[in-house]
Amino acid sequence: MTDRPLKVLIAKPGLDGHDRGAKVLARGLRDEGFEVVYTGLRQTPEMIVTAALQEDVDVVGLSILSGAHMTLVPKVCALLRDRGMTDVLITAGGIIPDDDVPALKESGVAAVFGPGTTIAQVADFLRANARPRD
Amino acid sequence: MAASPGDRRLHASSGDEAAIAERANALCDAALAGDRRALARLLTAVENRTPIAEAALRRLYPLAGRAQLIGITGPPGAGKSTLVAALIAELRRAGRPVAVVAVDPSSPITGGAVLGDRVRMQAYAGDDGVFIRSMASRGHAGGLSSATSAAAAVFDAAGFDTVLIETVGTGQSEVEVAATADTTVVVEAPEMGDEIQAIKAGLLEVADLIVVNKGDRPGAHRTAGQLQAMLADTPREARPGRPAPKHPDVLVTTAATGEGVPELLVALDRHRAAARGSDGTATRAARAEAQIWAVLADRLHERARSIEAAPIAAALLGAVAAHELDPYAAADRLLELMAGGGASPSPVEESD
């Protein structure tokens, strides 16, 4: 159905206790009409991918401010691929230096949202790029 | 507004139908063989009420009916999600598979939702014996989503022996879960009200078990005692034409530490054993009735929405707004329209 809300997983990978941004985004996307599953803090890539699979989400959004994005983000991308979720849109946000963005995109991330990104920009990107489904 | 699956089938060619049946069968085959991604996809189809879901349920429904569906309900913040997490741990210790349907409310304004129940249930990433699915209520009142029963049936058919259904945080009268579950657990927190709250009609009347959670807080045992005292006055005999009154045990748990949870599982198993006998027949009949009525109401609602765009609907609405026509007469006209199929069909989507 075309009026079905998009389902988004907002996840905090790794040992990073800063979830203000993730919560603001979860709330903001709710107000944009998305169904947002929030995982809570300190998730392993396996936990995130299990949640994405069980919830059958359209989008996985990874919020990471710890500096470990070059390790954790490609791992989540690879695990999603391993488990057949090649049609799930992956985005990242938080504190990610511009220099790292090409490598993250190479690993499967569709977009990196840094500080200053508005909720509306994220929402528009997800609506435009999330998979069509049956 | 999208056309209902029923309407769509009228317009679909037989080729489409065959494709839908084939896709549904492929998903069912994979899900029944243990493919968790296929299971997740089926649940999405059920949630979105697609034609694939109806085809799949035709096949899966006869396989269901073996699991114990346990409804966990109660006010926001009483500890439902934490109690569900503690029950998962207890069931897994016994090697029993468990599925969870956790419902959170949708925004009545934007349709969006934050589904946060998983936060407390994350410790089972590598365990195929646990499957947790969050669902938004999507405008459905009563504490569940309209697809909750069907989702539970899918889990049941897929071999999950226990299905925990966590409602949205409920007030006093969201009792729908009792018609959905085999066993209804009402979770209360200490000091949530006095004896007058306990004798009010509603949620407590449908409980098979009452759990006072946060048992480490002062007042927990006093709250449990008050509830017990109130329940002692419940009549033993059913009045003619009414369901037998329930006599729930009152348990105290501290879900965060797991205290009292093994006793809760014992009580749940006892209720399950009782429900297998004649005790459960009336419950099962009531559940079938509730399910059929819910589907019927959904279908009628969709039909009603499909004629919403018809010019006559706008004319009727205008007439009622101007007090030229009363709302009852307008609703009757729309009902006639739906029954006669007189409205121009809504635009039907060719793809979904």
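Biologist: Among the elements of chain B, which has the lowest mean pLDDT and which the highest?
Modeller: This is a predicted model, in which local features need pLDDT of at least 70 and side-chain atom pairs count only at pLDDT 80 or more, while totals for chains, interfaces and linings use all residues. Residues are numbered from 1 along each chain as its sequence is written, and chains are lettered from A and ligands numbered from 1 in the order in which they are written. pLDDT is the predictor's confidence in each residue, from 0 to 100, and elements are DSSP runs, numbered from the N terminus: helices (H or I, at least four residues) and strands (E, at least two). The lowest mean in chain B, 41, belongs to helix H1 (residues 5-11), and the highest, 96, to strand E5 (residues 162-166).

Biologist: Over residues 1-12 of chain B, how many contacts does the model have beyond near neighbours in sequence?
Modeller: A contact requires C-beta atoms, placed from the backbone, within 7 Å. Where pLDDT is low, the predicted coordinates should not be read in detail. Residues 1-12 of chain B have a pLDDT below 50, and their contacts beyond near neighbours in sequence number 30.

Biologist: Which helix supplies the largest share of the side of domain 1 of chain B that touches domain 2 of chain B?
Modeller: An automatic or database domain assignment divides chain B into domain 1 (1-63) and domain 2 (64-280). In chain B, 13 residues of domain 1 are in contact with 12 residues of domain 2. Helices H2 (14-32), H3 (36-47) and H4 (51-60) of chain B each supply at least two residues of the domain 1 side. The largest share, six residues, comes from H3(B).

Biologist: In E3(B), which residue is the bridge partner of Glu35(A)?
Modeller: Strand E2 (residues 35-38) of chain A runs parallel to E3(B), and three bridges join them. Within E3(B), the partner of Glu35(A) is Ala113(B).

Biologist: What ipTM does the predictor give the complex?
Modeller: Chain B averages a pLDDT of 84, with 88% of the residues scoring at least 70. For the complex, the predictor gives a pTM of 0.86 and an ipTM of 0.91.

Conventions: Contact = placed C-beta atoms within 7 Å. Pairing = 2+ DSSP bridges.
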